[in-house]
Amino acid sequence: MSPSVPRLVVAAPSSGSGKTTVATGLMAAFAARGLTVSPHKVGPDYIDPGYHALATGRVGRNLDAYLCGPELIGPLFRHGARGCDLAVVEGVMGLFDGAAGEGELASTAQVARLLRAPVVLVVDASSQSRSVAALVHGFASWDPRVRIGGVILNKVASDRHEELLREALDSAGVPVLGVLRRAAGVDTPSRHLGLVPAAERHTDAVEAVAAMGAQVEAGCDLDALLALARGAGDLACDAWEPSAAACDTWEPSAAACDTWEPPAAAPGGRTVVAVAGGPAFTFSYAEHAELLTAAGADVVPFDPLRDACLPDGTAGLVIGGGFPEVYAAELSANEPLRKAVADLAASGAPVAAECAGLLYLCRELDGLPMCGVLDATARMTERLTLGYRDAVAVGDSALAAAGTRMRAHEFHRTVVEPGAGAAPAWGVRTPARRVEGFVQGGVHASYLHTHWAAAPGVARRFVERCRTS
């Protein structure tokens with residue numbers, strides 16, 4: 001087992017305190033010092049990892065104890081951080097906030113404990129002075145299993161304000177590791193589902209990340225933060241391996257795993273799995289492509305906004321989440337690709353679509369023609385649908401055998417009518433019982449985002465269907 005990577009968890013008392021600015025800034029500042037930094041995000045969020053990737057030059061990875069289970073947090077972390085000098089983990093919501101009704105499950109505090117990592121608490125100090133000591137003391141003492149290694153004070157108004165805050169915190173026993181003033185250029189714009197993804201902002205996103213790094217470099221004690229990271233405890237687990245995980249089946253068999261190898265490519269060609277990307281489809285977990293590759297696929301990205309055809313030899317298609325509602329006109333205008341997707345689906349080839357992918361496969365989105373694979377329409381609404389889900393596969397599909405249970409996440413401001421086809425994709429068990437999504441030929445389309453590392457048989461099953469369809 002390789003030595004554990006030095007690591008920090010960046011948390012806050014609540015959302016809106018500045019976690020993303022500080023975490024991304026730390027990643028950029030340490031990378032600018034020549035360190036190889038591994039970026040991670042607690043929870044299901046797809047957007048923050050895009051900014052992390054700009055800061056570090058490495059793919060941003062998620063650590064979600066609800067979707068993947070607590071037992072995979074350490075192995076997935078070690079997989080992502082392999083060969084790095086430092087890992088920075090951005091938390092989610094408030095430090096102790098987890099999945100609704102599930103106690104500490106999926107909270108930043110739980111992930112910090114599982115990683116044996118010190119926590120740096122980012123505090124929005126804009127409307128307080130001496131009270132900051134009570135706040136920090138409360139967070140530091142609430143759960144003795146969670147080590148608060150220091151505080152970074154954000155949105156500090158003046159030298160006098162800083163002086164009052166430091167004076168108050170002297171009695172709390174938690175060191176101040178940084179003080180950040182309000183600064184232009186570090187804020188990232190938001191819209192209906194949170195921050196605008198980095199892939200949509202191009203140069204502006206690069207400049208924003210550079211500004212975050214400069215602000216953190218100027219306002220934080222990077223040497224003290226690195227020393228804190230190096231004091232993290234050893235992780236007694238092996239790194240997650242896509243090739244080993246791809247051996248798993250829905251009902252694991254040691255003998256099967258000992259003998260299974262990815263099936264050989266079809267005679268005369270590759271087994272190509274096309275994966276939608278570009279600005280309209282930015283939501284994807286890195287492990288999905290890794291599992292598909294380990295299962296024997298040649299994963300080829302394409303951009304539905306710009307590419308007029310699917311990659312040569314496409315045998316299967318994965319369309320993840322994103323913002324097709326923002327790009328509906330451009331997606332609709334690319335009629336050749338819409339027809340190619342419809343033809344592929346009509347051939348019976350496996351197609352896996354999540355959320356944005358579901359909308360793209362509908363007959364229309366906000367009145368604009370889409371691929372027409374599903375006899376359904378989609379439209380924007382004011383209502384936010386958000387939360388973890390416990391789901392079970394209603395019937396067999398290219399992704400899952402009937403009865404397969406998976407945990408998922410739902411996050412959208414759209415509605416699809418009808419919400420389920422004659423053969424639904426999932427029966428949702430929480431928070432209310434319902435069926436949703438569509439299984440039609442080789443198509444599996446649903447609003448639910450899943451993390452395939454929790455059930456790597458999904459990738460194996462999908463690639464095998466690509467070879468035989």
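# Briefing: cavities, cores and salt bridges

Searching the whole structure turns up two cavities of 30 Å³ or more. This is a predicted model, in which local features need pLDDT of at least 70 and side-chain atom pairs count only at pLDDT 80 or more, while totals for chains, interfaces and linings use all residues. Residues are numbered from 1 along each chain as its sequence is written, and side-chain values use heavy atoms, with hydrogens and water left out.

**Cavities and pockets**

- On a 1 Å grid over the protein atoms alone, a cavity is a set of points where a 1.4 Å probe fits but cannot get out; a pocket is an open set with protein on both sides within 12 Å along at least five of seven lines; and lining residues have an atom within 4 Å of a point.
- The largest cavity has a volume of about 70 Å³, volume being the space filled by probe spheres set on the points, which are joined across faces, edges and corners.
- Among the residues lining the largest cavity are Ala352, Ala353, Glu354, Trp426, His444 and Trp452.
- Strand β13 gives the most to the lining of the largest cavity, with three residues; strands (E, at least two residues) and helices (H or I, at least four) are DSSP runs, numbered from the N terminus.
- The second largest pocket has a volume of about 710 Å³, and 36 residues line it, with Phe281, Thr282, Phe283, Ser284 and Tyr285 nearest its centre.
- Helix α12 contributes the most to the lining of the second largest pocket, with four residues.

**Nonpolar cores**

- A nonpolar core is a set of buried Ala, Val, Leu, Ile, Met, Phe, Trp, Tyr and Cys residues joined through side-chain atoms within 4.5 Å; buried means under 20% relative accessible area, exposed over 50%, and partly exposed in between (1.4 Å probe, protein chains only).
- The largest nonpolar core has 113 residues, and Leu115, Leu153, Leu225, Leu292 and Phe462 have the most contacts inside it.
- Helix α1 (residues 19-32) gives the most to this core, with seven residues.
- Another core lies apart from it, with 38 residues, among them Ala274, Ala276, Ala353 and Leu359.

**Backbone points worth a look**

- Glu417 and Pro418 are joined by a cis peptide bond, with omega about -5 degrees; Pro418 sits in the loop between β17 (405-417) and β18 (426-430).
- Met93 is not a glycine, yet has a positive phi of about 50 degrees, and Met93 is partly exposed at 36% relative accessible area.
- Cys355, also not a glycine, has a positive phi of about 55 degrees, and Cys355 is buried at 5% relative accessible area.

**Salt bridges**

- The count comes to 23 salt bridges, each a side-chain nitrogen of Lys or Arg within 4 Å of a carboxyl oxygen of Asp or Glu.
- Arg61 and Glu287 form a salt bridge (3.2 Å, N to O); the pair links distant parts of the chain, with Arg61 in strand β3 (residues 61-63) and Glu287 in helix α12, 226 residues apart.
- Arg61 and Glu287 are both buried.
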